[in-house]
Amino acid sequence: MNYGIAIFPSKPIQDQANAYRKRYDPHYALIPPHITLKRSFEANDDKLDELITEMKHIANETDRFTIHINKVSMFSPVTNTIYFKVEPVQALMDLQAKMHVDKFEDNNEHPFVPHITIAQDLVHDEYSDVFGRLKMESFQFEDTIDRFQLLYQLDNGSWTVYETFVFGKEQV
């Protein structure tokens, strides 16, 4: 089974992201707006139990932190993806790094760029137009993060929460 680890931002941020995703993200129906901490990986039941125990330890060692979103950015020329840029605070960077060491396989393909995707898989002209409009807009979001989620992928490609890990409150 495929699993992933993500942070879901507050409803106001999700609502704003979804306002764009409905139109510009073909994965809109598969997963809510999120910050990916660990991209898709496979695990059997024994490995999953081991990882869940590790995630509880990580959650207990992590203090809540605040994220800020002030603009949109893009991954061009690698892909035509547009996203809300999450300012890279140390606590977020450390949390993501912990998901790729020790009991976890390091499946990073690229350096970690904290973001919430709002548009992807656009043809070049549409991508240029959408990004040109969005980069002129002002976005001011602040959110307190106090948990992360282990997700699993269903047969239809959508993702759902398997377990939530609250900072400082996990029973190991």
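Is M1 buried or exposed? I looked this up first in the predicted model. M1 has 54% relative accessibility, so M1 counts as exposed, the cut-off being over 50%.

**Entry: the start of the chain**

I placed M1 in the segment before β1. I then checked what M1 touches beyond its neighbours within four places in sequence. The list is F41, E42, A43, Y152 and Q153. I also took a C-alpha separation for M1 and L154. These two are 153 residues apart along the chain, yet their C-alpha atoms are separated by 8.6 Å.

**Entry: L51**

I turned to L51, which I found in helix α2. L51 shows 2% relative accessibility, so L51 counts as buried, the cut-off being under 20%. Leaving out residues up to four places away in sequence, I listed F41, A43, K103 and F104 as the residues that L51 touches. F41 and A43 had also turned up among the contacts of M1. From L51 I went to M99, 48 residues along the chain. Their C-alpha atoms are 9.5 Å apart.

**Entry: the core**

Next I looked up the largest nonpolar core. I noted 44 residues in this core. I82, F84 and F148 have the most contacts inside it. Helix α2, residues 45-61, gives the most to this core, with six residues. As background, I noted that nonpolar side chains tend to be buried together in soluble globular proteins.

**Entry: Q120**

Where does Q120 sit? I found Q120 in the loop between β5 and α4, the latter spanning 124-134. Q120 is at 15% relative accessibility, so Q120 counts as buried. I then looked for a partner to its side chain. The side chains of Q120 and D25 are joined by a polar contact of 2.8 Å. Setting aside neighbours within four places in sequence, I listed the contacts of Q120 as Y24, D25, P26, H27, N80 and T81.

**Entry: the largest pocket**

Last, I opened the largest pocket. I noted about 1,100 Å³ of space in it. Its lining has 37 residues, and H34, T36, R39, H115 and T117 lie nearest the centre. Which elements give two or more residues to this lining? I listed β1 (2-7), β2 (35-42), β5 (115-119) and β7 (147-153). β2 gives the most, with six residues. I also sorted the lining by class. I noted 16 nonpolar, 16 polar and five charged residues.

Notes:
Residues numbered from 1 in each chain as written. Predicted model: local features only at pLDDT ≥ 70, side-chain atom pairs only at ≥ 80, totals over all residues. Heavy atoms only, no water. 1 Å grid on protein atoms, 1.4 Å probe; cavity = no way out; pocket = protein on both sides within 12 Å on 5 of 7 lines; lining within 4 Å. Points joined across faces, edges and corners; volume = space filled by probe spheres on them. Helix = DSSP H or I, 4+ residues; strand = E, 2+ residues; numbered from the N terminus. Nonpolar A, V, L, I, M, F, W, Y, C, P; charged D, E, K, R; others polar. Buried < 20%, exposed > 50% of the residue type's maximum accessible area, 1.4 Å probe, protein only. Polar contact = N/O pair within 3.5 Å; in protein donor to acceptor, adjacent residues only side chain to side chain. Contact = heavy atoms within 4.5 Å. Core = buried A, V, L, I, M, F, W, Y, C linked by side-chain atoms within 4.5 Å.
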